[in-house]
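Please look over the structure shown here together with its sequence before reading the notes that accompany it.

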Amino acid sequence: MNFLKPIGSFLLLLFAAQLHAQSTSTAFVMDTVTLDINQAEQRFVSKSVLLLAAKYDVDISKAGVLQAKQWYNPNITYAQQLYDPTTKKTFDNSTKTGQVDVQLSETFSVAGKYINNLKLAKLSNLKAEEAFNQLTLSLKYELYANFSNVFVGQQKQKIYAYEQT
């Protein structure tokens, strides 16, 4: 029975500390946020998931333009025989018994494919930028419309409260 006394006092102390933490944390909780239109727009632009996704689409299309500007690289392949059973040597590069293969390949674009791919990538980039700008404008319009609706509602509420008194 003696060993239960310290455990009970520890649990009682823990419960009291938790109640104290809950009472102090609920005293400072605010249920409303006061914003002006500039703060709302700044928060909206920095935290909008749709705008972030559209920004990434623009970055992807810019990377596509850079990739389309690149020419094809030549490929060089080197191969050799690991083990020669006749001489019982590994990595034998001698010309008598060893076998070595070297291959060079180059890819050519035909009929203006390079230029057309570059033009297509630039058009895709312009399309992504225009989609981003259009999305920004439409979301800002929606933000301003909602903000003005809330403002008008608050003004109506003040008028009704004034008329009630």
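The briefing below takes up helix packing, a salt bridge and a surface patch in turn. The model is a predicted one, and every value given for this structure should be read with that in mind.

**Packing of helices H3 and H4**
- Helix H3, which spans residues 49–69, and helix H4, which spans residues 113–164, have axes that come within 8 Å of each other and cross at roughly 165°.
- Because an angle over 145 degrees counts as roughly antiparallel, H3 is described as roughly antiparallel to H4.
- The crossing in which H3 passes H4 is left-handed, and the residues of this contact divide into 13 nonpolar, six polar and six charged.

- When the whole structure is searched, one salt bridge is found, and the partners are Lys 140 and Glu 41, whose closest N and O atoms are 3.1 Å apart.
- Since Lys 140 belongs to helix H4 and Glu 41 to helix H2 (residues 37–47), the pair ties together parts that are 99 residues apart in sequence.

- Two or more residues of the nonpolar patch are given by each of strand E1 (75–80) and strand E4 (100–105), with the largest share, three residues, coming from E4.

Definitions and conventions: Residues numbered from 1 in each chain as written. Predicted model: local features only at pLDDT ≥ 70, side-chain atom pairs only at ≥ 80, totals over all residues. Heavy atoms only, no water. Axes fitted to C-alpha atoms, helices over the stretch in contact; angles between N-to-C directions. Helix = DSSP H or I, 4+ residues; strand = E, 2+ residues; numbered from the N terminus. Parallel < 35°, antiparallel > 145°, perpendicular 65-115°, else oblique. Left-handed = near helix turned anticlockwise from the far one by under 90°. Nonpolar A, V, L, I, M, F, W, Y, C, P; charged D, E, K, R; others polar. Salt bridge = Lys/Arg side-chain N within 4 Å of Asp/Glu carboxyl O.
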